[in-house]
Amino acid sequence: MGAQFENKGNQPLKSLEEWEDDLLVRYPEPKGKQSKTKVAYRNYTDSERVDTVREFYRLNHTFQTYDFVCAKEKEYLKFDKREMPFWEAIRFLNTLVDDSDPDTDLDQLQHLLQTSEAIRADGHPDWFVLTGFIHDMGKVLCLFGEPQWAVVGDTFPVGCRHSDKIVYPEFFDLNPDSQDERYNSKYGIYESQCGLEKVMMSWGHDEYLYQIVKDYLPEPALYMIRYHSFYAQHREGAYDHLLNAHDREMFKWVDKFNPYDLYSKVPVAPDVKALMPYYEDLVAKYLPPVMRF
Ligand SMILES: [Fe+2]
Ligand SMILES: [Fe+2]
C-alpha cells in the first residue's frame with residue numbers, strides 16, 4: 001500500500017469487478033460444496049491486487065458508520081436524483097466503465113444477463129430470473145458520485161459490534177463506531193433475534209436497489225437483492241443472533257441466489273440482441289415503466 005495508491009485516493013479498485021473477483025478468491029466454491037483443500041485468502045500471491053482490495057476495505061470499514069448510513073439513506077431514499085424508464089437506467093448503468101481492461105471484462109449488462117440466464121437455464125420462476133437481471137442496478141450510485149467503498153464490498157450491520165468474520169476485520173479499529181458504547185456491544189442498538197427488518201446495513205448497491213423495487217417483487221426476490229453482499233451472514237452465519245425465524249427462511253433464497261451471482265461469469269459475452277425480447281416482456285410484467293432513483 002502507500003504511495004502507489006495516493007493518487008487513486010478514494011477509488012483504489014481499478015474496477016468494481018475487482019471486489020467480485022476477490023470474492024471468488026475467498027469463496028472459490030459454492031456454499032456446501034467447499035472441497036477439503038480450502039484456498040486460504042492470505043495465500044493469494046498477486047500482491048498488487050491484494051493491496052488494492054485491502055485499501056478498498058480499509059476505506060469501507062473506516063467510513064461506513066451508523067451516522068454515515070443514516071445520512072446516505074436520507075439523501076438517496078428521497079429518490080429525487082433521476083427518473084428513468086427501465087431500459088434507459090440499464091443504458092445509464094452500462095456507462096459505468098473504469099480502468100479495467102475492456103477486452104477481458106464484461107460490462108454491467110453482460111454480467112446481469114449471465115446471472116439471469118444461468119437462473120433461467122435452471123428452470124426457476126420468472127421473478128427469480130428478473131432478480132438476477134436487475135440485482136446490481138444499484139451500482140448507479142457510482143454514477144451519482146459515490147466512492148467505491150459506498151457502493152460495493154461486503155455489507156454488514158451498523159449499530160452493533162462488527163463481526164470478526166467480516167473480511168479484514170482489523171480495519172474496524174479505525175471505525176469510530178467501534179469506540180462508541182452505543183454501537184460496540186454484541187447487540188448494540190438491536191435486540192436478540194429482532195429480525196433484519198430492524199437492522200441497518202452498511203450503505204451500498206444492495207440496500208439502494210431494494211428500496212427502489214420493494215413494492216414490485218415477491219419477498220424472496222427482495223431478500224436476494226437486499227442481502228446478496230452480506231457474506232458475513234450468508235456464508236459465515238456471523239449474525240445469527242439478529243435474524244428471526246422469518247429471516248432464516250428467506251435466507252434460503254439468498255443462498256440459492258449467491259452461486260448465480262458469483263459463479264456464472266464466463267468469458268463468452270451473451271447475445272444481448274437475441275435475449276432482449278424475453279427481458280423486455282419480463283421487465284414490463286413486474287416493474288413500472290419509469291423508475292425513480
Ligand atoms: Fe452485487
Ligand atoms: Fe452481481
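This is a predicted model: local features need pLDDT of at least 70, side-chain atom pairs count only at pLDDT 80 or more; totals for chains, interfaces and linings use all residues.

Tutor: Residues are numbered from 1 along each chain as its sequence is written, and chains are lettered from A and ligands numbered from 1 in the order in which they are written.

Student: Where does Phe79 lie, and what is its phi?

Tutor: Most residues other than glycine have a negative phi. Phe79 has a positive phi, near 50 degrees, and sits in the loop between helix 4 (66–76) and strand 1 (83–85). Helices (H or I, at least four residues) and strands (E, at least two) are DSSP runs, numbered from the N terminus. Tyr168 also has a positive phi near 50 degrees; its loop runs between helix 7 and helix 8 (205–213).

Student: How should I read a pair of helices, and at what angle do helix 8 and helix 9 cross?

Tutor: Two packed helices are described by the angle between their axes and the distance between the axes. Axes are lines fitted to C-alpha atoms, for helices over the stretch in contact, and angles run from 0 to 180 degrees between N-to-C directions. The axes of helix 8 and helix 9 cross at roughly 150 degrees and come within 7 Å. That makes helix 8 roughly antiparallel to helix 9; angles under 35 degrees count as roughly parallel, over 145 as roughly antiparallel, 65 to 115 as roughly perpendicular and the rest as oblique.

Student: Which residues of helix 8 and helix 9 make the contact?

Tutor: Helix 8 contributes Asp206, Glu207, Leu209, Tyr210 and Val213, and helix 9 contributes Leu222, Ile225, Arg226 and Tyr227. Contact requires C-beta atoms, placed from the backbone, within 7 Å.

Student: What about helix 7 and helix 9: at what angle do their axes cross?

Tutor: The axes of helix 7 (residues 126–134) and helix 9 (residues 219–227) come within 10 Å and cross at roughly 20 degrees. These two helices are therefore roughly parallel to each other. Their contact involves Trp127, Phe128 and Thr131 of helix 7 with Ala221, Met224 and Ile225 of helix 9.

Terms used: Two residues are in contact if their C-beta atoms, placed from the backbone, lie within 7 Å.
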